[in-house]
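Open the model in your viewer and keep the selection panel at hand. The stops below are meant to be taken in order.

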Amino acid sequence: MDFTSAKELLTLCGQHNLPISEVMRRRECDLAGAEPAAVEQRMRRALAIMREAAHQPLDNPQKSMGGLIGGEAKKLLERRASGLSICGAVLSRAMTHAMAVMEVNASMGLIVAAPTAGSAGVVPGLLLALAEVYDFTDEQLLDGLFNAGAVGYLAMQNATVAGAVGGCQAEVGVAAAMAASAAVELLGGTPAQSLDAASTVLMNMLGLVCDPVGGLVEYPCQNRNAAGVANALAAAEMALAGIKQHIPFDDMLAIMYQVGRSLPAELRETARGGCAACPGLCQN
Amino acid sequence: MSFISVFDVLGPNMIGPSSSHTAGAVNVARLARQMLEPPLARVEFTLYGSFAETYHGHGTDRALLGGIMGFATDDVRIRDSFAIADAAGLKYSFIPNFTETDVHPNTVDIAMTNAAGKTLIVRGESIGGGAVRMVRMNGVKIEFTGEYCSLIVVQRDIPGMVAYITEAVSRRSVNIAFMHLFRDGKGGTAYTIVETDEQLPPDIIQELRAHHGVDDAIIVQA
């Protein structure tokens, strides 16, 4: 079982009456020649690493290698604990976990690139927050990860997930598209709704530049991971409400790729433009 | 890469912060360490381009040192690799080079000396997402990625060497995926790199080294 476009993915889901997650599982087993149990075990390990990274800085905040971030996740946690959060249960948790993962990443801790290190907070952030609020089991979270994997694979196959090629829209943008699609499946939406949500995210994050201060994966990367979960949540809500998108995910990926390639080099991970060019900040 | 796996999307599992500056640095050094007989006594890393500019904040130095000691990209000891190398008596240094700019942005030269006093300088590039390629050996242009089992034969540039090497490989029923020949000059030192689909048995090394024209033979794999 294989697919190279969102259109083919939806056809497979329809033909076999399967969710996106299961099509992606079968594709992995078929193409890698791997046993389902081994594939499941490997994804379970990824989930365990994600969970650890999403929680560890809540108790033990660590200053980043470049010194630009550290302790943000704990602050969000404390605000939620005080009852003052204006973001609601899911979003406040998702932002907390997403920023926590980026703290771990920036202090040389263990993370899962999802799809990149600079966007590693978005998928675990949203999925773990949903699990806390809706009591999803790990089995359901694994479904979510395979669904997210399908969306990220399409981006790698047909566009790019490299900030140096397509800007932050290709990193955090794709990560948020993955998270949105996974959230839709976890909350009972259809495969078409998942991909509508993914399309919405790319549309709403279109053109986002990659401008890491000092060239480091810290700032504004961590902030943007929090923005990514917010975008993902908004897109998932729209899709679950039955709002359809006029631009299919395949086309939206092509648009994102085209926009990415039109970005000037200064705004594609070279640390020469955007936030990175702000005077007075760390020039490493 | 034969196909894009779900674990290429949700992965690698890695020590942060950057797949190209941290995980890729680990992978370059892991390949380098296999190219010189252990134990390693001293290593000097020369960093170019973005590696030179951002190595401290990306932990590229710790990653390279961890990789040269054999740590994998997800090994949490990478953060402490200075202390671990010190305890093991491994000497190391890092030299940023800002003058040579005509290189891939994430390039490192690794100059190694083993306990027997033998030296080797290799150059590697981190080309994105943790993927790497080795591009020089003692100043000679070469290329391999470690994605396949790679046999590297250092030999004199004399007739019959390629036939001798391929015959030894074929007798072990191992299929050659790619094969490249590099040399520093006619009649000088040549490097044959054979990338194979199956794992090569280690006994091929002894056989190849027995030939008078072979200086060294090693097997490297990511």
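What follows is a tour by selection, from domains to single residue pairs.

This is a predicted model, in which local features need pLDDT of at least 70 and side-chain atom pairs count only at pLDDT 80 or more, while totals for chains, interfaces and linings use all residues. Residues are numbered from 1 along each chain as its sequence is written, and chains are lettered from A and ligands numbered from 1 in the order in which they are written.

**Stop 1: the domains of chain B**

Select 6-138 of chain B as domain 1 and 149-220 as domain 2; the bounds come from an automatic or database domain assignment. Their C-alpha centres are 25 Å apart. Four residues from domain 1 of chain B and four residues from domain 2 of chain B make the contact, where two residues are in contact if their C-beta atoms, placed from the backbone, lie within 7 Å. On the domain 1 side, three of these residues are nonpolar, one is polar and none is charged. In this count Ala, Val, Leu, Ile, Met, Phe, Trp, Tyr, Cys and Pro are nonpolar, Asp, Glu, Lys and Arg are charged, and the others, Gly among them, are polar.

**Stop 2: the six-stranded sheet**

Helices (H or I, at least four residues) and strands (E, at least two) are DSSP runs, numbered from the N terminus. Two strands pair if DSSP finds at least two bridges between them. Now show the open sheet of chain B, with six strands in the order β3-β2-β4-β5-β6-β7 and mixed pairing. Its edge strands are β3 (91-97) and β7 (140-144) of chain B, each pairing on one side only. From one strand to the next, the twist averages 25 degrees.

Pick B:Met137 to find B:Val140 of β7(B) opposite.

**Stop 3**

Select β10 (189-196) of chain B. Seven of its eight residues are buried, that is, with 20 or more other C-beta atoms within 10 Å of their own; exposed means 12 or fewer, and partly exposed lies in between, with C-beta atoms placed from the backbone. β8 (149-156) of chain B pairs with β10(B) in the antiparallel sense over eight bridges, and B:Ile152 faces B:Ile193 there. β9 (176-183) of chain B is also antiparallel to β10(B), with seven bridges; B:Phe178 has B:Glu195 as its bridge partner. β9(B) and β10(B) form a hairpin with five residues between them, and B:Gly187 in the turn has a positive phi of about 80 degrees.

**Stop 4: between the chains**

Show both chains. The contact takes 29 residues from chain B and 35 residues from chain A. On the chain B side, α1(B) gives the most, with four residues. β1 (110-112) of chain A and β1(B) run antiparallel, joined by three bridges, with A:Leu110 opposite B:Ile15.

**Stop 5: a helix in chain A**

Finish on α1 (6-16) of chain A, whose buried residues are A:Ala6, A:Leu9, A:Leu10, A:Leu12 and A:Cys13. The face turned away from the buried side of α1(A) carries the exposed A:Gly14 and A:Gln15.

Technical notes
Axes fitted to C-alpha atoms, helices over the stretch in contact; angles between N-to-C directions.
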